[in-house]
Amino acid sequence: MKRILISGGSRGIGRGLVEAFAKNGDKVAFIYKSNHEAADAVAKATGAVAICADVSRPEDVKSAVRTAEAALGGNVEVLVNNAGISLISVMQDITDDLWRDVLDTNLSGAFYLSREVLPGMISEKNGRIIHMGSMWGKVGASCEVAYSSAKAGLRGLTLSMAKELAPSGITVNCVEPGVIQTEMNANLGETVLASLIEETPVGRLGTPEDVSAAVLFLASDAASFITGQLLGVDGGFAL
Ligand code: NDP
């Protein structure tokens, strides 16, 4: 039984992660931003502890991690930096505030949370950190400049953290999903979704379960010699 902290656990991929780790017998706490109803439902269904915090705010992150440690009964052993927001816009319409919001949530949030759990992991010489990237961080998406930049930033964060932290018994990897059926894609019309399926070599959209299977593996004892890897869970889309 491991102590797990997942950001963005109230919906979509994060909810799938909370369910999968709870089913695995782990102790789970998760962070969400504002959707109390969804978070309560996940907590009730899984027994996980829900913590309301904004990962783009370092002071929120600090107190969320202390709350998680108290609820889990010890240092966080596995951190999944999953919270994220997307932004579809032509580049010239991206305001300073929008740019900052996307970077602060997707990239800085992962940095703040990682920094906060590290002292505990280093003192126990044991830890797993898994960032939630995106195939758009690998290949770039038109009209998603801020999102693609933030997700590409997670690649650098993964590689440098992996090198720095391996001697402290901590592995750091990044999972890069393709198109996954969640609310993030709810506003894409039928035609767009159909063309995305057509572009996916395995011929279907991904599910939160596809992503949680990869994350659970990277968090498991079987993956203790794997670090600094960028694992596509995209049905071959970004090949
Ligand atoms: P959803 O929009 O379905 O859920 C997002 C989750 O993140 C919610 O739990 C939300 O909380 C939380 N969240 C958002 N902003 C913050 C914040 N500032 N502080 C704390 N929590 C926050 O997203 P998905 O499940 O689709 O995506 C999850 C991750 O996977 C993201 O990082 C995304 O970029 C990545 N991804 C998704 C893909 C897809 O096709 N769906 C493809 C590739 C990557 P609340 O409910 O309170 O709003």
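Visitor: Which helix holds V139, and is this residue buried or exposed, or partly exposed?
Guide: This is a predicted model, in which local features need pLDDT of at least 70 and side-chain atom pairs count only at pLDDT 80 or more, while totals for chains, interfaces and linings use all residues. Residues are numbered from 1 along each chain as its sequence is written, and side-chain values use heavy atoms, with hydrogens and water left out. Helices (DSSP runs of H or I, at least four residues) and strands (runs of E, at least two) are numbered from the N terminus, and V139 lies in residues 135-139, which form helix α5. Because buried means under 20% relative accessible area, exposed over 50% and partly exposed in between (1.4 Å probe, protein chains only), V139 at 44% counts as partly exposed.

Visitor: What separation is found between the C-alpha atoms of V139 and E209?
Guide: V139 and E209 are 70 residues apart along the chain.

Visitor: How many salt bridges does a search of the whole structure find?
Guide: A salt bridge is defined as a side-chain nitrogen of Lys or Arg within 4 Å of a carboxyl oxygen of Asp or Glu. With that cut-off, the search of the whole structure gives a total of 11.

Visitor: Which residue pairs with D221 in a salt bridge?
Guide: The N to O distance of this salt bridge is 3.2 Å, and the pair links distant parts of the chain, 219 residues apart, with D221 in the loop between α8 (208-219) and β7 (230-233) and its partner in the segment before β1 (3-7).

Visitor: Why are D97 and R100 separated by about one helical turn, and what is the distance in their salt bridge?
Guide: D97 and R100 are separated by about one helical turn because they stand 3 residues apart in helix α4 (residues 96-124). D97 is exposed, with a relative accessible area of 55%, while R100 is partly exposed at 45%. The closest N and O atoms of their salt bridge are apart by 3.2 Å.

Visitor: Where does K125 lie, a residue other than glycine with a positive phi?
Guide: Most residues other than glycine have a negative phi. In K125, phi is near 50°, and this residue is exposed, with a relative accessible area of 54%. The place of K125 is in the loop between α4 and β5 (127-132).

Visitor: What is the phi of C143?
Guide: C143 is found in the loop between α5 and α6, where it is partly exposed, with a relative accessible area of 31%. Its phi is a positive value in a residue other than glycine, near 65°.
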